[in-house]
Amino acid sequence: NSLNMEPSDTHVASPRGAVEPTVIAFVNPKSGGGLGQRLLEKLQFLLGDDHVFSLIPDGPEPGLKRWRKTRNLRVIAGGGDGTVGWILSICDKLKLKRKPMIVPMPLGTANDMSRVLRWGSNFTSSSTADVEEFVQNVKDGIPLKMDRWQLRTTDIPLDSLKRLRSEYGFSSEADAEDSNDVDEKDDEEESHYERVTIKAEDEDSDAQIVRDQLTGDKAAQDGAQRKASTPSLEIANMGVKEYVVNNYFSIGFDSQVMLDFHEQRHSRPGLFVHPVVNKAVVGVHGMSAGLKNLVSPALHKFVHFELDGKPVTLPKRIHALVILQIPSYASGTDIWGSYDKTTNQTQRPTVNDGLFEVIGIKGILHIGRMFTGISTGLRLGQGSSCVMVVTQPIAMQVDGEPYWLNPSRCELAFHNQSKLLFNMKKKGEKKWTHLTGTEPPEPQPHGVGSSAAATAIDPKRNPSPSTPRSQAADVVFEKKKVRAPPDNGEDH
């Protein structure tokens, strides 16, 4: 039971010479409170067992290796934002010459990438009709490149920590301060910070150090201590961790909420069986974190921040700092706000402009106002690299995945671009322009990622004699067995 072609037919060309899409899928069977397992089985029925892989226990690597040389390969990522990032990272690891196009099938909690690409906030049905429609939309999807960022965190040795706190004017233990949400004024009025003008020619040696470290330039690494704009910080022989940011990276109380939720989910997994339950629990932890903020120190008391090599004075009462790549944060909130407002916006943001946006959040009341659309975050600027020196432990998150951050130097620089698929169906033109700043592409030629016959998804129905070859190639009868490409990755 399958909806795909014999391997010999994988590269069927349309009348204009384009290659028909091949669809494979990776699904986390534990996602969506059991829905993931049902979707895994449904996709195996529709696409064939050799085209659909469970992410447990082997992850996406075996499947990507098997299909690595397939042209116009489209990969369904059934899970949350972490699943999408996992598959993209394995594509990096395999150094694929033909990068597949990734499609989120949203089964997680936030699903920010899926929201941005218009694949929905949650996929809630395992009916044959709904899954068939999703597969068809994947074939019709429009390729879209998005920037990705490399985050490197380097632990600060204890003997350097005291010096750093002194040099930056931080106390040994940041003092508690009054509520960060009392008497809130207009966000822009309270943003007393040094405005940073981003220019490519202004990039100094510190940004180059980040790039050299990520590319393994030993000479640059040896000289990094001498060149670094952050004083007195040895960067060799310390604990180093690396992450790839696809959606956003943040530190502060918002990350603490996710960390508390994550720890509770692992200790009592039976309670977290549905995204709605997950969001409710996150809300409870959010209120708890908001109360803690009444006595917790603001970030400017222990965080030094540089954007494209220039120090940025963090506004007082900021309790979370967000580096934003896509216009969707924590389940779909656009915290940057309207592009018509030019405050600290050097150019109109897009998802592939080589820049990220930096936003401050004051506390639980502020984030609540953002979630309801009443307010936006505090714009701190746009940049292509940043350095953050954090002098006390704090929670952090990358694409919604929480971690505990020791006192560290955090460096963010451009990594590469992902190849994703945008769902243009149901009037997606406006969203496309919002993401890219360009007009939507012209419709693809018939047969390139599209199929005029919806009935072709029925595995029991024969193609009519008049069906074009590009459509007939999509129809496989029940008695046919799909063969996977050989394990050695040869073209098929």
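This briefing covers the salt bridges of the structure above.

The model is predicted: local features need pLDDT of at least 70, side-chain atom pairs count only at pLDDT 80 or more, and totals for chains, interfaces and linings use all residues. Residues are numbered from 1 along each chain as its sequence is written, and side-chain values use heavy atoms, with hydrogens and water left out. The structure holds six salt bridges (a side-chain nitrogen of Lys or Arg within 4 Å of a carboxyl oxygen of Asp or Glu).

**Lys93 and Glu61**
- A salt bridge joins the side chains of Lys93 and Glu61, at 3.0 Å from N to O.
- Lys93 sits in helix H3 (residues 81–94) and Glu61 in helix H2 (residues 61–66), so the pair ties together parts 32 residues apart in sequence. Helices (H or I, at least four residues) and strands (E, at least two) are DSSP runs, numbered from the N terminus.
- Lys93 is exposed at 53% relative accessibility, whereas Glu61 is buried at 18%. Buried means under 20% relative accessible area, exposed over 50%, and partly exposed in between (1.4 Å probe, protein chains only).

**Asp140 and Lys425**
- Asp140 and Lys425 form a salt bridge, with the closest N and O atoms 3.1 Å apart.
- This pair links distant parts of the chain, 285 residues apart: Asp140 is in helix H5 (residues 128–140), and Lys425 is in the loop between strand E16 (408–422) and helix H13 (429–436).
- Asp140 is buried at 17% relative accessibility; Lys425 is partly exposed at 36%.

**Glu411 and Arg409**
- The side chains of Glu411 and Arg409 pair in a salt bridge at 2.8 Å, N to O.
- Glu411 is buried at 2% relative accessibility, and Arg409 is buried at 2%.

**Network**
- Salt bridges with shared partners join Glu61, Lys65 and Lys93 into one network.
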